[in-house]
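Hello,

Here is the structure I said I would pass on.

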Amino acid sequence: MRNRGCIYARDVLTAHTGKDSDALIYMNFMKSHCCYDAIPTSSKLVIFDTTLQVKKAFFALVANGVRAAPLWDNKLKCFVGMLTITDFINILHRYYKSPLVSIYELEEHKIETWREIYLEYATNRLISITPDASLFDAIYSLLKNKIHRLPIIDPASGNVLHILTHKRILKFLHIFGSMIPKPWFLQKQIGELAIGTFKQIATVQESATVYDALTIFVERRVSALPVVNEQGKVVALYSRFDVINLAAQKNYNNLNMTMREAITSRACWVEGVLKCYPHETLETIINRIAKAEVHRLVLVDNEDVVRGIVSLSDLLQALVLTPAGIDALYS
């Protein structure tokens, strides 16, 4: 269980007499729309056979600009799981020795070999959802299972139609949310609503190594790390997606480089440090995340010292599940 350090937003959202119905607006919106509604007109879907080499699979993720792919087992004739950036991080963290020693398991293993090893100490069953299931059910599944990607599978054909994410759901709400009443609590300050993580925030020093960052990813199960300097001020954000770019740059054999070096050498555009402040309203926060298409904002004070993280998971829990009396994220 992660200590989120959160006060439940439900008490704040329903504290005003006569305004309880406002707290249910987003919950009802998600219950009234199905997963099929959120599938974009056009999107990219990459599928890997489990006999593919792990290294080639990760290169393919980078080349196609995707962060995860369903895995097809030709022997079983069905989808058996997902290959994600988390797998790449776990492989690097588990088998890395030094810059002088190649990671044999990454260079030679097939996906099915890695899955056999990984399944010895973790459950990696395929969690999916049907097109006619509600977006409310999808949000619950994403948060309850602590996953970031949920395949929508057609029960008739067995085909994967789309990979649903927190980001896509929030974008769907942002696009069509104008058709529903605007709840009063959107004007409340994020600090007052206490939506996010405010205690035991996972950060990494810019003088630390990339391997140190991987260790934090594995042990704390977070999706991004604010990179801080000696004064505790945030200078960058290092996410799981940055790790997959080590494959693109062929730098995965040099995990001894400092975070400062890793950030400087990033070859592609990255999210950057998108920040928010305790005095800003919930509406401002939602609009900033949706517009920038990022997964989280770093909550800072006036000195740019990290005070918290506000993620898509936090927002969906507070806006959709908490009003329903469901605690999927914090349980």
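Predicted model: local features only at pLDDT ≥ 70, side-chain atom pairs only at ≥ 80, totals over all residues.

Residues are numbered from 1 along each chain as its sequence is written, and side-chain values use heavy atoms, with hydrogens and water left out.

Strands

Helices (H or I, at least four residues) and strands (E, at least two) are DSSP runs, numbered from the N terminus. Two strands pair if DSSP finds at least two bridges between them.

An open sheet of mixed pairing is made by three strands, ordered β1-β2-β3. Its edges are β1 (48-49) and β3 (78-84), each of which pairs on one side only. β2 (residues 68-73) runs antiparallel to β3, and six bridges join them; Asp-73 has Cys-78 in β3 as its bridge partner.

Further along, β7 (residues 224-228) pairs with β8 over five bridges, again in the antiparallel sense. Pro-226 is bridged to Leu-237 in β8. The two strands, β7 and β8, form a hairpin with five residues between them, and Gly-232 in the turn has a positive phi of about 85°. Five of the six residues of β8 (residues 234-239) are buried, so this strand is largely enclosed by the rest of the structure. Buried means under 20% relative accessible area, with a 1.4 Å probe and protein chains only.

The hairpin loop

Asn-229 lies in the loop between β7 and β8. Its relative accessibility is 14%, so Asn-229 counts as buried. Its side chain reaches the backbone nitrogen of Gln-231 at 2.9 Å. Leaving aside residues up to four places away in sequence, Asn-229 touches Gln-205, Glu-206 and Val-235 (contact means heavy atoms within 4.5 Å).

Rings

The whole structure holds eight aromatic pairs. In one of them, the ring centres of Trp-184 and Phe-185 are 6.0 Å apart with planes at 80°, so the pair is edge-to-face. For this, rings of Phe, Tyr and Trp (its six-membered ring) pair if their centres lie within 6.5 Å; planes under 30 degrees apart count as stacked, over 60 as edge-to-face and the rest as tilted.

Regards

How values were computed: Buried < 20%, exposed > 50% of the residue type's maximum accessible area, 1.4 Å probe, protein only. Polar contact = N/O pair within 3.5 Å; in protein donor to acceptor, adjacent residues only side chain to side chain.
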